[in-house]
Amino acid sequence: MSPSNEIFAVITGIIKEELGWKESLSPQHPVTELDSMQQLSLIVALEDHFEICLDPEDEKQVETLNDLVSLIQAKLNSKS
């Protein structure tokens with residue numbers, strides 16, 4: 001499994017398990033379908049899981065789950 005696929009799997013797992021999302025999720029799924037509390041919970045869970053810090057400026061650029069995967073990948077790459 002590629003790193004981006006692993007990140008996507010973590011994101012969808014958090015959305016489904018911690019946020020109770022029942023619908024299917026694709027990389028093109030808009031993050032805006034989550035309400036603001038769900039988005040905040042997701043960001044906190046991702047920061048904890050990946051041990052990264054997502055800045056509010058970074059988050060403004062995220063429109064889809066694929067954008068979120070790319071952002072996390074970039075943060076992980078700059079960390080190592």
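The largest cavity is where I'd like to start, so let's look at who surrounds it: Ile15, Trp21, Leu25, His29, Pro30, Val31, Leu34 and Leu65. Keep in mind that what we have on screen is a predicted model. The space inside this cavity comes to about 40 Å³. Searching the whole structure turns up 1 cavity of 30 Å³ or more. What kinds of residues make up the lining of the largest cavity? Sorted by class, there are 7 nonpolar residues and 1 polar residue, with no charged ones.

How do we look for spaces like this? Rolling a probe the size of a water molecule over the atoms shows where empty space is left.

Now let's move to the largest pocket. About 160 Å³ of space lies in there. Its lining is formed by Val31, Thr32, Gln39, Leu40, Leu42, Ile43, Glu59, Val62 and Leu68. Which helix gives the most to the lining of the largest pocket? That is helix α2, residues 36-50, with 4 residues. By class, the pocket lining has 6 nonpolar, 2 polar and 1 charged residues.

Next, the helices themselves. Two packed helices are described by the angle between their axes and the distance between the axes.

Start with helix α1, residues 3-17, and helix α4, residues 65-79. Their axes come within 9 Å and cross at roughly 120°. α1 and α4 are therefore oblique to each other, and their crossing is right-handed. On the α1 side, the contact uses Pro3, Ser4, Ile7, Phe8, Ile11 and Ile15. On the α4 side, look for Leu65, Leu68, Val69, Ile72, Gln73 and Leu76. That contact has 10 nonpolar and 2 polar residues, and no charged ones.

Is the crossing of α1 and α2 left-handed or right-handed? It is right-handed. From α1 we have Ile7, Val10, Ile11, Ile14 and Ile15, and from α2 we have Leu42, Ala45, Leu46, His49 and Phe50. These residues divide into 9 nonpolar and 1 polar, with no charged ones.

The last pair is α2 with α4. Their axes are 12 Å apart, and the helices pack at an angle of about 30°. Angles under 35 degrees count as roughly parallel, and α2 and α4 are therefore roughly parallel to each other. This crossing is right-handed. Leu42, Ile43, Leu46 and Phe50 of α2 meet Leu68, Ile72, Leu76 and Lys79 of α4. By class, that gives 7 nonpolar residues, no polar ones and 1 charged.

How values were computed. Residues numbered from 1 in each chain as written. Predicted model: local features only at pLDDT ≥ 70, side-chain atom pairs only at ≥ 80, totals over all residues. Heavy atoms only, no water. 1 Å grid on protein atoms, 1.4 Å probe; cavity = no way out; pocket = protein on both sides within 12 Å on 5 of 7 lines; lining within 4 Å. Points joined across faces, edges and corners; volume = space filled by probe spheres on them. Helix = DSSP H or I, 4+ residues; strand = E, 2+ residues; numbered from the N terminus. Nonpolar A, V, L, I, M, F, W, Y, C, P; charged D, E, K, R; others polar. Axes fitted to C-alpha atoms, helices over the stretch in contact; angles between N-to-C directions. Parallel < 35°, antiparallel > 145°, perpendicular 65-115°, else oblique. Left-handed = near helix turned anticlockwise from the far one by under 90°. Contact = heavy atoms within 4.5 Å.
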